[in-house]
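Here is a briefing on one protein chain. Look at the structure first, then read the notes by topic.

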Amino acid sequence: MEARDATAGAHVSSDEGEQATKKDAAPPKDKSQSKSRMEQIFGFKKEDLSSWHNLVALLNRPTDPASLGIFRCLFGLLMAVDITQERGLSHLDYKYLDGAPVCRFPLFNFLQPLPMDWMYLVYMVMFFGAVGIMLGCFYRLSCLMFISTYWYIFFLDKTAWNNHSYLYGLIGFQLTLMDGNRYWSIDGLRRPSIRNAHVPLWNYTLLRTQIFIVYFIAGIKKLDADWVEGYSMSYLAHHWLFDPFKLILPVELVSLLVVHGGGLILDLTAGYLLFFDVTRPYAFFFVSYFHCMNSQLFSIGMFSYTMLATSPLFCYTDWPRRFFSHFPEFLRGVLPLTSSDVQPSSSCVYSETESRSTERQETPPATKSSKLRLKHKLRAIFAIVYILEQLFLPYSHFITQGYNNWTNGLYGYSWDMMVHSRSHQHVKITYKDGKTGEIGYLNPGYISRKHGYMLKQYATCLSQLLPRYNVSDPEIYFDIWVSINERFQQRIFDPRVDIVKADWSPFKANPWLMPLLVDLSPWRAKFMEIEGTLDNQTEIVFIADFPGLHLENYVSEDLGNTSIQVLQGQVNVEVLEEKKNYTLQPGEMMKVPAGAYHKVYTVSEDPSCYMYIYVNTTEAALQENFTKLFELQERIRNGTETEPLPPELQPLAAAEDEVSEVNATDPIVRLFLKRQRRMKEVKKRREAGVLERLERFAVKKYYTIRRGFLMSAIAMRNLVVGLPPLEQLTREVDFANMKAPQSEGNQDERLKDEVGHGEL
């Protein structure tokens, strides 16, 4: 296994390395017959691994540059698009506004963002680096421009870390060291000596191994009990993409077998299936289907398309030549080369047979090497060390224990993609003046609710900002409730610890992290039974708490029917307004008043479990009114309504195309008509044809990208000639913010439709 991983699919590359020269060697038929079974399957012989000398020669074996050149072009294109979107060029000014009292979360505290105009310059360097990679223009410089700025942006904000962003940086780093500009590149036009020249096998080995690791380690991480039992991503089964499966399976089995079982099997096997010629077509189908689905299920930017672009790396490395040879002759001038005459390269090590072959092609001997040199050995060492490091990092969390919480971190390099889903029910941030003892509360907004190391950074930042608001020596306490993989909502950090003064080290376990109550995991099956007995208007929240702690909660006035029922342990419920305490045992229930605070104390020796059962009475009454108005409107339109309408209901009688909430005087009627109009718009969008959807998508992306580049142009002008008058700057920013014309409704409402915010 180690030998195979070390070569990472060497078989497909070595075949091409030999194909590039076999026309002057022995007849193909004889050569194929002379290959051993191992060489036919893996692309190398057992002898290639028998000594260090042979292994170095194998990793530096000459290989066709075509597949690598196409991947380089696709990767550069996808990164150029990614920079305008997920990297944040289009909304950079919102993120790095100069002078804003904002808490940031860099990997290293000394890393700070540059002034906003300079941040735009950083992004422009990164963008032109990506374009240079795509074109193969000043390739090494472009790679350095891209990865230096990319990793700076990556390390600058841990809140945006994820596995695929980490993968982009790794691939960019690898391409920097590879000969990716040997095929279909501007550098090849400028320097004929490198055009269509061999690349060493380790170029493909690293990329293939990296993608194999992404798939296989992700599959290993999915062997987690929560994933195998179907709790990690159960909500996905309700997505329309799984409707075909729901024709033959209930939604519970779709979640267990298709979402979780299918995802596990695909991740574990994709790397192997892509590896072998016989299974590769099947791998292409399932992997492509998988990534196309992911592009619709998750907001993951260019990740799905990047993974699709990596799949051809496992094919024979001359596939672009064979593919583009089918195009018309008049396009050959702009398409990649289809000739099989590949130049030798000093980066490769040639066998004696290959050396004689290149001599018969009258290639200058200075361009080839049949002896191992120091650079070949160093590159082989790098390839092996890099692969070993990538295999080790996902399991290195025993070293960086301070970054761990209920799951191992740092999350970015773990490849535990989608293994854990979280929901957040309650967040309270309390500050205390260290001198006066005054207590206050902060709006949590968006904070990192699952990473202790980021919470420590946030508390430190708040302790520096609060003195501006006359809070001396502030103490900061966090009460954060999280549910992971459909478990109870429970505290993740100790609310009694002042995080400003709390100890934290990257190499020691976090002492103020509360343990995950895994012993209560079997309750999840009971949750499903309880939820199945509820009607559509009743909601439920499951809570677990530690002995000696309490939950302070406020019940909104809209929740007029709220009760607490104990499932395990013993609790005391204190109703603050009534100044009364109530003790509840397992199975007992009590109502809690709406519009008031109460506290739930865990008084048992073991953790308590209880649930809130509530009905939004305001919403229920509103829905009942909507139902009556809809029935009345239907009777009016089909002519069965005989009673005269009062003035406040007259807008219901308008023609369907003329309905407007503007003329409605009754607030319920106005809200009903507004909801109907919005539902009509949403239905129209969902039923739109392919061309209309593509047009809408293209227009949206155009204005997003347009804003990024216009704001970048403004920033570059500011750096070169200085700031213009405020009025001019305002006009320029307004022009950059221009949106697409809206056919119906105002822009704010359209935006709410896009992000899924309902009227209620």
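Helix α10 is largely enclosed by the rest of the structure, because 13 of its 15 residues are buried. Buried means under 20% relative accessible area, exposed means over 50%, and partly exposed lies in between (1.4 Å probe, protein chains only). The model is predicted: local features need pLDDT of at least 70, side-chain atom pairs count only at pLDDT 80 or more, and totals for chains, interfaces and linings use all residues. Residues are numbered from 1 along each chain as its sequence is written, and side-chain values use heavy atoms, with hydrogens and water left out.

- α10 covers residues 163-177. Its first and last C-alpha atoms are 22 Å apart, close to the 21 Å expected at 1.5 Å a residue. The expected span is 1.5 Å times one less than the number of residues.
- Helices (H or I, at least four residues) and strands (E, at least two) are DSSP runs, numbered from the N terminus.
- Tryptophan 184 sits in the loop between α10 and α11 (186-190). Its phi is positive, near 50°, in a residue other than glycine.
- Tryptophan 184 is partly exposed, with a relative accessible area of 38%.

**Whole chain**

- The protein chain has 27 helices and 14 strands.
- Of its 760 residues, 48% count as buried.
- Among contacts with a separation of 6 or more, 72% join residues 24 or more positions apart. Contact means heavy atoms within 4.5 Å.
- The chain exposes about 37700 Å², and carbon and sulfur atoms supply 59% of that area. Areas come from the Shrake-Rupley method with a 1.4 Å probe; for residues, only the protein chains shown count as cover.

**Nonpolar cores**

- The largest nonpolar core has 123 residues. Such a core is a set of buried Ala, Val, Leu, Ile, Met, Phe, Trp, Tyr and Cys residues joined through side-chain atoms within 4.5 Å.
- Tyr123, Phe146, Leu175, Trp415 and Phe478 have the most contacts inside this largest core.
- Helix α8 (residues 116-135) gives the most to this core, with 12 residues.
- This core lies between domain 1 (64-197) and domain 2 (421-516), because both give residues to it. The domain bounds come from an automatic or database domain assignment.
- Apart from this core lies another, of 17 residues, including Leu551, Val575, Val592 and Tyr612.
- Beyond neighbours within four places in sequence, tryptophan 415 has contacts that include Tyr166, Leu170, Ile213, Ile217 and Pro394.

**Annotated transmembrane regions**

- An unreviewed UniProt entry places the feature "transmembrane region" at residues 120-153 and 201-220. UniProt positions follow the numbering used here, feature names are shortened, and annotations may be inferred rather than shown by experiment.
- Residues 120-153 are 91% helix and 0% strand, with end C-alpha atoms 11 Å apart.
- Residues 201-220 are 100% helix and 0% strand, with end C-alpha atoms 28 Å apart.

**Helix α23**

- α23 (residues 617-638) has 22 residues, which should span 32 Å at 1.5 Å a residue. The end C-alpha atoms are 32 Å apart, so the span agrees.
- Its buried residues are Ala620, Leu622, Phe626, Leu629, Leu632 and Gln633.
- Helix α24 (667-686) is included in what covers these buried residues.
- Glycine 639 follows α23, and its phi is positive, near 80°.

**Single residues**

- Alanine 270 belongs to helix α15 (residues 251-275). It is buried, at 2% relative accessible area.
- Alanine 270 touches Tyr215 and Val287, not counting residues up to four places away in sequence. Its C-alpha is 7.5 Å from that of phenylalanine 216, 54 residues apart in sequence.
- Proline 113 lies in the loop between α7 (92-95) and α8. Leaving aside neighbours within four places in sequence, its contacts are Tyr96, Arg104, Met119, Tyr152 and Leu156.
- Aspartate 473 has a positive phi of about 40° although it is not a glycine. It lies in the loop between α21 (452-465) and β5 (475-484), and at 48% relative accessibility it counts as partly exposed.
- Proline 741 is in the loop between α26 (726-736) and α27 (747-755). It is exposed, with a relative accessible area of 74%.
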